[in-house]
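This report describes a single protein chain for a reader who is meeting it here. Please look at the sequence and the model before reading on.

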Amino acid sequence: MANLNRLLNKKKRLHKKYRQLIEDAYNLRPTDHALSDFSEYKATKVLHKINKLEFVIGDTQLQAN
């Protein structure tokens, strides 16, 4: 159960980081395309981590029930 809570907290932190990176990319688009693209790339990597984590959490919740 503690592991599940830790995974859920990590997912929450990653979502917050993802939203911030996407917002930065959006705000940088008019002034600096390269930096905006880099922020978007990092957000994509974070989203990939979130998706992997959701798979693990879903599997863990199935085992817990």
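## A network of salt bridges

In this predicted model, the side chains of Asp37 and Arg29 form a salt bridge, with N and O 3.2 Å apart. The term salt bridge denotes a side-chain nitrogen of Lys or Arg within 4 Å of a carboxyl oxygen of Asp or Glu. Arg29 also forms a salt bridge with Glu40, and here the closest N and O atoms are 2.7 Å apart. This second pair links distant parts of the chain: Arg29 lies in the loop between helix 1 and helix 2, Glu40 lies in helix 2, and 11 residues separate them. Side chains of opposite charge can pair when their charged atoms come close.

How exposed are the members of this network? Asp37 counts as partly exposed because its relative accessibility is 42%. Arg29, at 33% relative accessibility, is likewise partly exposed, and so is Glu40, at 35%. Under the scheme applied here, buried means under 20% relative accessible area, exposed means over 50%, and partly exposed lies in between (1.4 Å probe, protein chains only).

The structure holds three salt bridges. One of them joins the side chains of Lys11 and Glu54, at 3.6 Å from N to O. It links distant parts of the chain, with Lys11 in helix 1 and Glu54 in helix 2, 43 residues apart. Lys11 is partly exposed, at 23% relative accessibility, and Glu54 is partly exposed with a relative accessible area of 34%.

## Overall architecture

The chain has two helices and zero strands. Helices (H or I, at least four residues) and strands (E, at least two) are DSSP runs, numbered from the N terminus. Of the 65 residues in the chain, 17% are buried. Among contacts with a separation of 6 or more, 65% are between residues 24 or more positions apart, where contact means heavy atoms within 4.5 Å.

Ser39, which is placed in helix 2, is buried, with a relative accessible area of 6%. Apart from neighbours within four places in sequence, Ser39 is in contact with Leu21, Asp24 and Ala25.

## The surface and its positive patch

The chain exposes about 5300 Å², of which carbon and sulfur atoms supply 56%; accessible areas come from the Shrake-Rupley method with a 1.4 Å probe, and for residues only the protein chains shown count as cover.

Which residues gather in a patch of positive charge on the surface? They are Lys10, Arg13, Lys17, Lys42, Lys45, Lys49 and Lys52. Helix 1 (2–28) and helix 2 (33–64) are the elements that give two or more residues to this patch. Helix 2 gives the most, with four residues, and Lys52 is located in helix 2. Patches are made of residues with over 30% relative accessible area and no salt bridge, with like charges joined within 9 Å and nonpolar side chains (Val, Leu, Ile, Met, Phe, Trp, Tyr) within 5 Å. Lys and Arg count as positive and Asp and Glu as negative, while His and the chain ends are not counted. The place of a charge is taken as NZ of Lys, CZ of Arg, CG of Asp or CD of Glu.

## Basis of the description

Residues are numbered from 1 along each chain as its sequence is written, and side-chain values use heavy atoms, with hydrogens and water left out. As this is a predicted model, local features need pLDDT of at least 70 and side-chain atom pairs count only at pLDDT 80 or more, whereas totals for chains, interfaces and linings use all residues.
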